[in-house]
Amino acid sequence: MTKTLLATTSLAALFGLAGAASAQCTIEGEGSVRILANDFQALHAVVSRATECASDSVEVTTNETTEHKDIQVAALSTDPAAYTVAVVANGSLVPLLNEGLTRPLDDLVAQYGQNLQESQLIRINGEIMAIAFMANSQMLHYRADLLEENGIAVPTTYEELLEASAALREAGVMETPLYASFLPGWDLGEEFINMYMGSGQPFFEDGSAQVAINNEAGIAALEMMKAMTEYMGPDMMTYNSNEAQPYWENEEVAFMTGWGSRTAAFIDENGAVPEIAAATEVVAMPSWGGNGIPATTLWWDGFAMAKNISEEDAAASFQAMMYALSPELVADPEVAGLAAWLVNGYEPQPAAEGVIANMQAGAAPYPMTPYMGLLHTALGDNLAEFLQGQESAEEALEDVEAAYTTAATEAGFIQ
Amino acid sequence: MPHRTFSLFILPSLLAMLLFVALPIGSVIYQSLFIEHEQIMVEVENCGPFGCTTERRVDAEAMAQLRAEEPAGRWNGLGTYFNAGHLAFERIGQIWDRTETWGQFLDQAMNLPFYKALGFTLAYTFIVTPFVIILGFCIALGVNALPNLAKGPVIFFSLLPMIVTPLIGSLVLFWMIDSRGIIGATLQTIFGDPTLSLKASPTLTWVTLFVYGVWHSAPFAFVVFYAGLQGVPKDTMESAMVDGASRREQVRFVVIPYLMPLVVFIALMQLMDNFRVFEPIVGFSAEANATSLSYLIYSDLRGQDTPLFASAAATSVLTTLGVIVLLTPVLIRTWRDFNRKA
């Protein structure tokens with residue numbers, strides 16, 4: 001699968017120049033384009049291009065908000081739907097699919113999707129249900145200059161990462177060189193899921209919604225997270241990915257597990273502290289326990305379209321998105337540097353290296369199982385006490401299991 | 001007043017109560033008795049940029065039909081109230097069986113989500129309320145003794161904590177207690193402990209939230225007491241002075257008895273307000289160490305992809321019961337006073 005992506009991106013590079021000819025957005029027919037999206041730089045680049053399609057016959061409105069996940073189901077349930085396009089990730093597409101709120105895109109892809117590549121099409125039972133346009137995952141950010149000065153090799157496993165942190169501390173460079181998003185809630189849940197992915201074990205028992213993390217791999221994953229806290233700052237339980245940058249720029253941390261979609265800001269040499277940005281590099285997430293699998297999940301960001309909309313609106317919206325995702329999007333070097341684009345015409349940039357390295361090393365995508373979200377919440381709510389030393393790993397996993405089972409029973413997944 | 005006039009007189013407010021209080025409560029109770037239908041699952045092949053996998057998926061059409069037939073969901077009776085997320089009788093039983101001492105039992109029982117939240121909510125209510133009353137009273141006495149010229153500005157500044165939106169107020173304090181913020185860093189220096197973090201330690205988080213609660217609500221008590229002080233009868237005060245009462249005795253024997261009904265009023269309002277503590281927990285990112293009943297409702301509704309309405313409804317009903325239990329003693333007292341006067 002990695003090969004397909006690499007092949008398509010390099011092919012895309014070849015054809016990219018040819019595609020860059022058309023500059024104007026022209027939409028056949030009339031209609032209304034209403035886009036709901038998450039709010040970060042790379043998505044903003046896509047959405048703002050789609051707004052260029054507004055004309056006398058086509059109306060384009062957008063809502064970019066970090067709360068998109070909480071309103072999307074309600075917004076697409078109305079008839080006609082409040083939005084025609086929902087920008088989603090593999091995790092947030094699931095609630096829409098559960099309620100059957102999105103339409104298959106096969107006809108639109110056949111008619112308007114000349115620029116799309118096979119790897120962008122999200123097929124569920126053969127039907128195209130979404131179009132992916134960027135890949136994302138966590139990667140290890142590190143300060144190359146500090147590692148070099150202290151003769152430390154770039155860590156490839158969590159065990160080495162801990163040793164490297166200890167070495168930096170001993171050398172008196174930094175007291176708390178590690179940063180990972182341990183804020184209880186979504187962030188902490190994601191950290192555990194990433195770590196557990198590194199064990200290669202499944203989250204659920206085969207063919208059922210019964211959770212299967214209360215095992216040796218789960219305990220080992222928790223112990224590894226606990227070991228990390230030793231090298232993290234005193235306020236680590238409030239660390240999240242939004243607040244990492246001040247710590248990084250203030251030279252308080254040397255290693256950070258962070259999202260590819262945010263890397264651009266960390267390596268931006270026109271930013272607040274160019275010398276630190278220049279010394280910041282990324283590699284694949286470390287593995288642990290001798291499994292060799294990067295402890296991370298792979299994500300894609302893409303868009304799906306509402307079922308309850310008119311054919312005209314659907315056609316107009318799809319064309320607007322196709323214009324937004326044309327090779328010209330990534331022809332702008334600034335935009336190309338924002339993410340690991342899956343778009344035709346993209347050549348891998350530093351921000352994408354970590355994602356591609358993760359894929360090559362065998363990281364798996366975030367599970368699109370309908371009850372994964374419930375487990376994610378249960379994890380986010382119940383691991384903090386263990387990390388602060390008030391509970392054993394077994395107790396923490398027992399709490400997670402109880403919270404998840406209660407929620408999954410109420411949601412009808414477990415009888 | 002004739003009965004007819006009386007009925008007509010209170011009819012609008014009765015109607016409003018029915019519409020905006022009784023009906024929603026009834027609806028919440030009804031919702032708490034149902035849970036989602038059993039999900040009908042199908043296996044699907046799912047292909048994307050990272051290859052193909054076989055995954056289980058909800059059969060949306062079959063579910064839509066089920067929901068059309070029974071929109072309220074599946075009858076669950078009081079099941080939601082007793083599950084592990086709420087009263088958790090079953091888990092309490094297990095904990096009882098496997099623990100030997102009361103200490104261990106309480107320790108583990110208080111780790112169950114509902115009891116943990118209840119524990120913090122009660123602690124917050126019973127610690128913040130008396131401090132708010134005492135502090136508010138002291139500020140009112142102090143301000144009342146100031147020369148007239150200074151009163152205006154002092155009153156304005158004393159009211160500031162209440163004017164600031166709770167969420168903003170807590171965020172401002174949150175940054176100040178950061179280990180690199182002005183308060184956090186100062187405390188680290190005073191105690192000579194670089195790992196000291198008001199955000200990490202559960203005890204210190206609780207203390208921070210309590211202090212914030214008092215800071216935020218004291219102006220309310222102050223305003224009420226200050227208004228009350230203006231009405232303290234001058235002749236009683238003067239006779240106390242003539243009798244040689246010191247300032248302390250004047251406060252103890254004249255002012256406090258006169259302000260007692262206000263104390264009951266503030267206690268009532270504060271008990272209700274503090275029992276539904278919520279914003280500071282979000283503002284201080286304190287969910288790791290302190291959750292309240294309101295926070296549980298919030299996280300049931302907003303924590304995951306699909307809201308858990310039954311769970312949230314059950315917690316709401318339990319919270320309402322809690323408020324009733326809390327207010328009963330105060331209400332009984334007010335009722336007795338009322339009867340005595342009549």
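This is a predicted model: local features need pLDDT of at least 70, side-chain atom pairs count only at pLDDT 80 or more; totals for chains, interfaces and linings use all residues.
**Entry 1: chain A as a whole**

I began with the secondary structure of chain A. I counted 19 helices and 11 strands there. Next I looked up the radius of gyration. The value for chain A is 22 Å, close to the 22 Å that the globule rule gives for 415 residues, so chain A is as compact as a globular protein of that length. I then looked up the box around the C-alpha atoms of chain A. Taken along the principal axes, the box is roughly 65 × 55 × 35 Å.

How many of the residues of chain A count as buried? I found 56% of the 415. I also checked the contacts in chain A with a separation of 6 or more. Residues 24 or more positions apart account for 75% of them.

**Entry 2: two helices in chain A**

I picked helix 8 (residues 186-197) and helix 9 (residues 216-229) of chain A. Two packed helices are described by the angle between their axes and the distance between the axes. I looked up both values for this pair. The axes of helix 8 and helix 9 of chain A come within 9 Å and cross at roughly 120°. Helix 8 of chain A is therefore oblique to helix 9 of chain A. The contact uses A:Glu191, A:Phe192, A:Met195 and A:Tyr196 from helix 8 of chain A. From helix 9 of chain A it uses A:Ala217, A:Gly218, A:Ala221, A:Met224 and A:Met225. I noted the hand of the crossing of these two helices as right-handed.

**Entry 3: A:Met228**

I stayed on helix 9 of chain A, where A:Met228 lies. Is A:Met228 buried or exposed? I found 23 C-beta neighbours inside 10 Å, and 20 or more is the cut-off for buried. A:Met228 therefore counts as buried. I left aside its neighbours within four places in sequence. A:Met228 is then in contact with A:Leu178 and A:Ala180. I also looked up a separation. A:Met228 and A:Gly373 are 145 residues apart in sequence, and 25 Å apart in space, C-alpha to C-alpha.

Most residues other than glycine have a negative phi, and most peptide bonds are trans. I went looking for exceptions.

In chain A I found a cis peptide bond from A:Asp79 to A:Pro80, with omega near 0°. A:Pro80 sits in the loop between helix 3 (68-77) and strand 3 (85-89) of chain A.

A:Asn125 is not a glycine, yet its phi is positive, about 50°. Where is A:Asn125? I found it in the loop between strand 4 (121-124) and strand 5 (127-143) of chain A. A:Asn125 has 13 other C-beta atoms within 10 Å, so it is partly exposed.

In chain B I noted B:Ala88. Its phi is positive too, about 50°, although B:Ala88 is not a glycine. B:Ala88 lies in the loop between helix 3 (79-82) and helix 4 (89-98) of chain B. It has 21 C-beta neighbours inside 10 Å, so B:Ala88 counts as buried.

**Entry 4: B:Pro12**

I looked up B:Pro12 in helix 1 (residues 3-31) of chain B. Because B:Pro12 has 9 C-beta neighbours inside 10 Å, it counts as exposed. B:Pro12 and B:Ile182 are 170 residues apart in sequence. C-alpha to C-alpha, B:Pro12 and B:Ile182 are 53 Å apart in space.

**Entry 5: annotations on chain B**

I turned to the UniProt record, an unreviewed entry. Its annotation "transmembrane region" covers residues 122-143, 155-177, 204-229, 250-272 and 308-332 of chain B. I checked two of these spans in the model. Residues 122-143 of chain B are 100% helix and 0% strand, with end C-alpha atoms 31 Å apart. Residues 250-272 of chain B are 100% helix and 0% strand, and their end C-alpha atoms are 31 Å apart.

The unreviewed UniProt entry also gives "domain: ABC transmembrane type-1" for residues 118-330 of chain B. Over residues 118-330 I found 78% helix and 0% strand. The end C-alpha atoms of this stretch of chain B are 20 Å apart.

**Entry 6: two helices in chain B**

Last, I took helix 14 (residues 293-302) and helix 15 (residues 309-341) of chain B. Their axes come within 8 Å and cross at roughly 165°. An angle over 145 degrees counts as roughly antiparallel, so helix 14 of chain B is roughly antiparallel to helix 15 of chain B. The contact residues of helix 14 of chain B include B:Leu293, B:Leu296 and B:Ile297. Those of helix 15 of chain B include B:Ser311, B:Ala312 and B:Gly322. The crossing of helix 14 and helix 15 of chain B is left-handed.

Note on methods
Residues are numbered from 1 along each chain as its sequence is written. Chains are lettered from A and ligands numbered from 1 in the order in which they are written. Helices (H or I, at least four residues) and strands (E, at least two) are DSSP runs, numbered from the N terminus. The radius of gyration is taken over C-alpha atoms; the globule rule is 2.2 Å times the number of residues to the power 0.38. A residue is buried if 20 or more other C-beta atoms lie within 10 Å of its own, exposed if 12 or fewer, and partly exposed in between; C-beta atoms are placed from the backbone. Two residues are in contact if their C-beta atoms, placed from the backbone, lie within 7 Å. UniProt positions are given in the numbering used here, feature names are shortened, and annotations may be inferred rather than shown by experiment. Axes are lines fitted to C-alpha atoms, for helices over the stretch in contact, and angles run from 0 to 180 degrees between N-to-C directions. Angles under 35 degrees count as roughly parallel, over 145 as roughly antiparallel, 65 to 115 as roughly perpendicular and the rest as oblique. A crossing is left-handed if the near helix is turned anticlockwise from the far one by less than a right angle, and right-handed if clockwise.
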